[in-house]
Amino acid sequence: MSKKDLRKWWKEAVVYQIYPRSFKDSNGDGIGDLGGIISRLDYISSLGINVVWLNPIFASPNDDNGYDISDYRRIMDDFGNMQDFDELLAGLHVRGIKLVLDLVVNHSSDEHEWFRLGRSGRDHPYREYYHWWPAEKGTPPQRYSIFDINHNAWMYDTNTDAWFLHYFSRKQPDLNWENPALRKEIYDMMRFWLDKDIDGFRMDVIPFISKDTSFPILHFSTEQEYIHYYANGPNLHAYLQEINREVLSKYNIMTVAEGAGVRKEEALDYVDPERHELNMLYHFDGIDLKNLPGDEIVHDPKYDLVAFKTIYSNWDSIFSEKGWGTIYLGNHDQPRMVSRWGNDTPEFRELSSKMLSTFLLTMRATPYYYAGDELGMANIRFKNIDDYNDIATINRYRKIESEGGDLKGFLEEMKLFSRDNGRTPFQWNATAHAGFSTRTPWLKVNPDFIQVNAGVQESDPNSVLNYFRQLVKLRKQHKILVYGKYTLLDKDNPRIYAYLREWQGDKLLIMLNFTKTEASVNPGINLSKASVLICNCSSPSSCKVLRPCGAMVLQLS
Ligand code: GLC
Ligand code: CA
């Protein structure tokens, strides 16, 4: 295959992720909606991005904010209706932007018709759409639930004297993919959206869909072990190939798996083009990296940068011959990028946001960029459990409470890690509610919106927002940033991440200072002919010493 054949629009894309509930409210109910996104299409287009990924917009009782779907072919009332959807899709397409929807088919809502009817009697045909364990077989073998307050993935249902399986909340029963009738329904539903001309799917916890329905007894002690087991069901790849054959292969679209539980040795099984499964997968190794023990004064950055570099370099090398990677540092399940991976103090927030954005936009992988990060939005750090909305945070709090555990410590941890940090309303301007809504929003606005908002950044050529736009443009202009070979340099440097990109005789050097003090770098390359393509400080002092949170892209030849 020639290089040219390996070029694909989705490899060259920058994906912008929108959490609809938090982006823009158009009807004054405090909840973001499709009308809100439509009203901001020109802003989205001004970023230069080419793909929008929307978190679930389908009918849902919102136990997990749309990841519990009660009707796959209807728009959630909070978000609008099908006419709004059609208008949004057309508005994006007219601007040359593609749309990717969230496909949530490991589980549905317990309010989905399939589950309501299946639960009504053991003989109902929809019964087999879910995993049931009749009580006469005794207590089912233990399974771990990620969201349940007791972490028990089996929920007893009195009506039919049986247990049903739910890897996530009790209101998210797992669908039974071993049933061909269920699979056919899912494929029909996928075609329904693809025939509307959407451009692909982000597939929610797709590695979990296949289960060993004999439910063997497991002896795991950590969540990680369960998740890895869940991601390796016996028929997983047969189903992915069937999805591809029946649906995906018929359209010019992109697919990306949420690779929960997928180890790097397993990644190519999903995305090797010869296997005809999916296009991309996003891994958790990077964002799962723990902070070092001790405080931020001792460790700058808070985590082991050498380990961070190793993870991203290893994931790059997996796809060096075939397949394709993704890169992200934030999404709706994560705290804010600058708070988690950078430095969100007033002094460094902007520089640090720009530095991290430079990383995302210069790696050999499709960037998935989370809305709000282009402004440098930061963690809200709620003090009180009542401020939280996220089921994961609330249920963990309740569990600790019931066990008499350390609630104060937990709340401190959530200031750094709760998913709600990434879900506060988008900060449009300095007016009431950050211009997100005319009314009190469903989740509090970060009080820093007075300084941090799109309005002020729009008019400042040096803002985080305008720097992000420049980066996107650069990636579009320089295909070396997409396809160029990646080589890690100065690999043991604990403060600087430096790498080379090479393609068709061109060379770019990227250097990023992950700390808040000046740091020197030794790329081991002659920089005498280097010229700066982009840099997050007005005048780079030198190429060998990077300013605090400094980021530089140099052209070498
Ligand atoms: C994925 C989603 C997350 C959701 C979970 C259950 O991890 O990204 O938001 O809670 O799946 O659907
Ligand atoms: Ca609304």
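**Close-up views of two ligand sites**

**View 1. Ligand 1 takes up the space of the largest pocket.** The model is predicted: local features need pLDDT of at least 70, side-chain atom pairs count only at pLDDT 80 or more, and totals for chains, interfaces and linings use all residues; side-chain values use heavy atoms, without hydrogens and water. Residues are numbered from 1 along each chain as its sequence is written, while chains are lettered from A and ligands numbered from 1 in the order in which they are written. A pocket is an open set of points on a 1 Å grid over the protein atoms alone, where a 1.4 Å probe fits, with protein on both sides within 12 Å along at least five of seven lines.

**View 2. The shell around ligand 1 holds three nonpolar, three polar and seven charged residues.** Of these 13 residues (a heavy atom within 4 Å), Asp64, Asp204, Glu258, His332 and Asp333 come nearest.

**View 3. Side chains of Arg202, Asp204 and His332 meet oxygen atoms of ligand 1.** A polar side-chain atom of Arg202 lies 2.9 Å from one. For Asp204 the distance is 2.8 Å. For His332 it is 2.8 Å. Taken alone, ligand 1 exposes 310 Å², and the protein buries 96% of that (Shrake-Rupley method, 1.4 Å probe).

**View 4. Five residues coordinate the calcium ion (ligand 2).** They are Asp25 (OD), Asn27 (OD1), Asp29 (OD), Ile31 (O) and Asp33 (OD), at 2.2 to 2.3 Å. Donors are N, O and S atoms within 3.2 Å of Ca. Their spacing in sequence is D-x1-N-x1-D-x1-I-x1-D. Asn27 counts as exposed because its relative accessibility is 52% (exposed: over 50%).

Technical notes:
Donors = N, O, S within 2.8 Å, 3.2 Å for Na, K, Ca; no water. Buried < 20%, exposed > 50% of the residue type's maximum accessible area, 1.4 Å probe, protein only. Polar contact = N/O pair within 3.5 Å; in protein donor to acceptor, adjacent residues only side chain to side chain. 1 Å grid on protein atoms, 1.4 Å probe; cavity = no way out; pocket = protein on both sides within 12 Å on 5 of 7 lines; lining within 4 Å. Sits in = over half its atoms within 2 Å of the grid points. Nonpolar A, V, L, I, M, F, W, Y, C, P; charged D, E, K, R; others polar.
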